[in-house]
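This report describes a ligand site, a helix and a strand residue. The structure to which it refers is shown below.

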Amino acid sequence: MKVLILPDEQAAIQRAADIVARTVSGNPGSVLGLATGGTMLPLYEALAQRHRDDGLSFAGTTSFNLDEYIGLAPDHPCSYHQYMQKAFFRHVDIDPARTHLPKGDAADPRAASEDYETLIEQAGGIDLQLLGIGRNGHIGFNEPTASLGSRTRIKTLTTSTRRANQKYFESFEETPRYAITTGVATILASRKCLLIATGAAKARAVADMIEGPLSAACPASALQLHARATIVLDKAAASELALTEYYETVHPGGQDSVFD
Ligand code: F6R
């Protein structure tokens, strides 16, 4: 794993935006795996700003989001479809026909999950997968004990994830219980992945992911198996790591190593 520790959230977001921009500029036809959640909002803002100010173009890219709540139609204000429109898609030149999210309102969510996995394969797989991390170590909505060999499917959300996401809904009761999420194995099949974590609330999960045992108890620890996983952290999210001195020796200030 490439562990990049930046002084603060803003620096971490700019560093992550550099990595996305480099991928898209290097391969304008990139297939991007996209994530939602609070951590990603400033990243999408930074990318939209680079689109406006520097001409960074997403016109040739294809995107697949990690997850969507079951039962929410694309026009539901709390759906991830709407999140993506508001946070990113409407601010850049990505072709709407090439943006994909799981169909949370499908009559048969199981079949919709299988179809989604097929669509990713038909697009040639994901070049760069963006990820956040849950306080319980989830990636996508792969909650603790999710199979590390899983593909896109239905997952039941934990109470802690529902509580964390309750702020976007009227009440805890209205916060969805189920989601369609790409699996841990789907994420591991991406050619590169980029996980971003900011803030002290993520510090324990981050330490378990990077330095803990490989275990379904912390699904993010599966990234230890990924040959090209980059983890971008601010100091607060890195605060429970034991080997910080090493990460800072390899990547001083979160910058590239001499061999990158
Ligand atoms: C959402 C997703 C989740 C979030 C995670 C962190 O698409 O994949 O794994 O990345 O729940 O969410 P925030 O950033 O809101 O703390």
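## Ligand site

In this predicted model, the ligand sits in the largest pocket. There are 13 residues around the ligand, and those that come nearest are Thr36, Thr39, Asp67, His138 and Lys202.

A backbone N or O atom of Gly38 lies 2.8 Å from a ligand oxygen atom, and a backbone N or O atom of Gly140 lies 2.7 Å from an oxygen atom of the ligand. For Lys202, the N or O atom belongs to the side chain, at 2.7 Å from an oxygen atom of the ligand. The ligand taken alone exposes 410 Å², of which the protein buries 89%.

## Helix α7

Helix α7 spans residues 203–211, and its buried residues are Ala203, Ala205, Val206, Ala207, Met209 and Ile210. An α-helix has 3.6 residues a turn, so residues three or four places apart point the same way.

## His100 in strand β5

Strand β5 covers residues 99–100 and contains His100. Why is His100 classed as buried? The relative accessible area of His100 is 18%, and buried means under 20%.

Leaving aside residues up to four places away in sequence, His100 touches Thr62, Ser63, Phe64 and Asn65, as well as Tyr116 and Leu119.

How values were computed:
Residues numbered from 1 in each chain as written. Predicted model: local features only at pLDDT ≥ 70, side-chain atom pairs only at ≥ 80, totals over all residues. Heavy atoms only, no water. Buried < 20%, exposed > 50% of the residue type's maximum accessible area, 1.4 Å probe, protein only. Helix = DSSP H or I, 4+ residues; strand = E, 2+ residues; numbered from the N terminus. Near = heavy atom within 4 Å. Polar contact = N/O pair within 3.5 Å; in protein donor to acceptor, adjacent residues only side chain to side chain. Areas by Shrake-Rupley, 256 points an atom, 1.4 Å probe, with all protein chains shown as cover. 1 Å grid on protein atoms, 1.4 Å probe; cavity = no way out; pocket = protein on both sides within 12 Å on 5 of 7 lines; lining within 4 Å. Sits in = over half its atoms within 2 Å of the grid points. Contact = heavy atoms within 4.5 Å.
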